[in-house]
Amino acid sequence: MVAAQLGAVVGVVLTSGPRYGRGRRGSVALQWTSRLLLRALGVRVVTSGLPAAGPCLVVANRSSWLDVLVLAAHAPMVPVAQARLGGWPLLGPLARRMRAVFVGGPAAGDLRGDVDQIAQRLRSGHRVLVFPGAARRCGGALERFRCAPFQAAVDAAVVISPAAVSYRDGPGGRLTATNTWLPAIPAVVSGGHPARDRAMAARRTEYAVARSLGRPVARRSATCDAVTALVAF
């Protein structure tokens, strides 16, 4: 509990002050807050590899509500969150102070507006964290990744930094999270054709993550696609 409270205090302190540089301070605040919260929850994190240096789109599989903490604890990054989170008590104000990108709300306009928000953060030099697959699994396979967030990486001409996250019970019932950073994947690969680039980047990333997890990629089906379509980023 003390670590959790300290994490919230760190988040507020680091995001206070002048507007200039607040985005950078917000991503650092998320990193330290994540570390403190994981410690408070007794979660052990085993990490291999490194995220891509510089601005990049961090893409990971969705396994648990802990995923954001596990990934953000390793390096400064800006999370993409559902717009409804902004209205939650405590979490909403803290997420705004940490400069999270809110998508999927009526004020955000269409999908193009969401993509533009992410691309702007990438162009500003940030790592941006997204989970483009659905939380629900079809037969244990990795859900297909939605292509929309990859368009932001194409627009900003940055690389994809894939990560595979999994969990297991450790000694004494302590949860262990394994975070594997995979080799960077270029977003622009087909001569700058946006539709082909984002589709190829999405497919290459999902297969890299699935291979690391030792799971197949889900086949396209009416059920899986319908579930995936309901999950924004």
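Student: What share of the contacts in the protein between residues at least 6 apart in sequence joins residues at least 24 apart?
Tutor: A contact is counted where heavy atoms lie within 4.5 Å. Among contacts between residues at least 6 apart in sequence, the share joining residues at least 24 apart is 70%.

Student: What kind of model is this?
Tutor: Residues are numbered from 1 along each chain as its sequence is written, and side-chain values use heavy atoms, with hydrogens and water left out. Local features need pLDDT of at least 70, side-chain atom pairs count only at pLDDT 80 or more, and totals for chains, interfaces and linings use all residues, the model being a predicted one.

Student: How many helices and strands are there in the protein?
Tutor: Both are DSSP runs numbered from the N terminus, a helix (H or I) having at least four residues and a strand (E) at least two. Counted in this way, the protein has 8 helices and 8 strands.

Student: What percentage of the 233 residues counts as buried?
Tutor: Buried means under 20% relative accessible area, exposed means over 50%, and partly exposed lies in between, with a 1.4 Å probe and protein chains only. Of the 233 residues, the part that counts as buried is 47%.

Student: Why is helix 6 described as largely enclosed, and what covers its buried residues?
Tutor: Helix 6 is largely enclosed by the rest of the structure because 8 of its 9 residues are buried. Among these buried residues are Pro149, Phe150 and Val154. Their cover includes strand 2, helix 5 (111–123), strand 5 (127–130), strand 6 and helix 7.

Student: Is alanine 157 buried or exposed?
Tutor: Alanine 157 is found in the loop between helix 6 and strand 6, and it has a positive phi of about 55° although it is not a glycine. Its relative accessible area is 62%, so alanine 157 is exposed.

Student: How far apart are the end C-alpha atoms of helix 7?
Tutor: The expected span of a helix is 1.5 Å times one less than its number of residues. The 20 residues of helix 7 (residues 194–213) should therefore span 28 Å, and this agrees with the distance between its end C-alpha atoms, 29 Å.

Student: Which residue follows helix 7?
Tutor: The buried residues of helix 7, including Ala201, Thr205 and Val209, pack against strand 2 (56–60), helix 6 (148–156), strand 6 (159–169) and strand 8 (185–186). The helix is followed by a residue with a positive phi near 70°, glycine 214.

Student: How far apart in space are asparagine 61 and leucine 213?
Tutor: Asparagine 61 is found in the loop between strand 2 and helix 3 (67–72), and it is buried, with a relative accessible area of 1%. Outside its sequence neighbours up to four places away, the residues touched by asparagine 61 include Phe131, Val209 and Leu213. Asparagine 61 and leucine 213 are 152 residues apart in sequence, while their C-alpha to C-alpha distance is 9.5 Å.

Student: Which residues does threonine 176 contact, leaving aside neighbours within four places in sequence?
Tutor: Threonine 176 has its place in strand 7 (residues 175–181). It is buried, with a relative accessible area of 3%. Leaving aside those neighbours, its contacts are Arg44, Val46, Ser166, Tyr167, Arg168 and Gly170.
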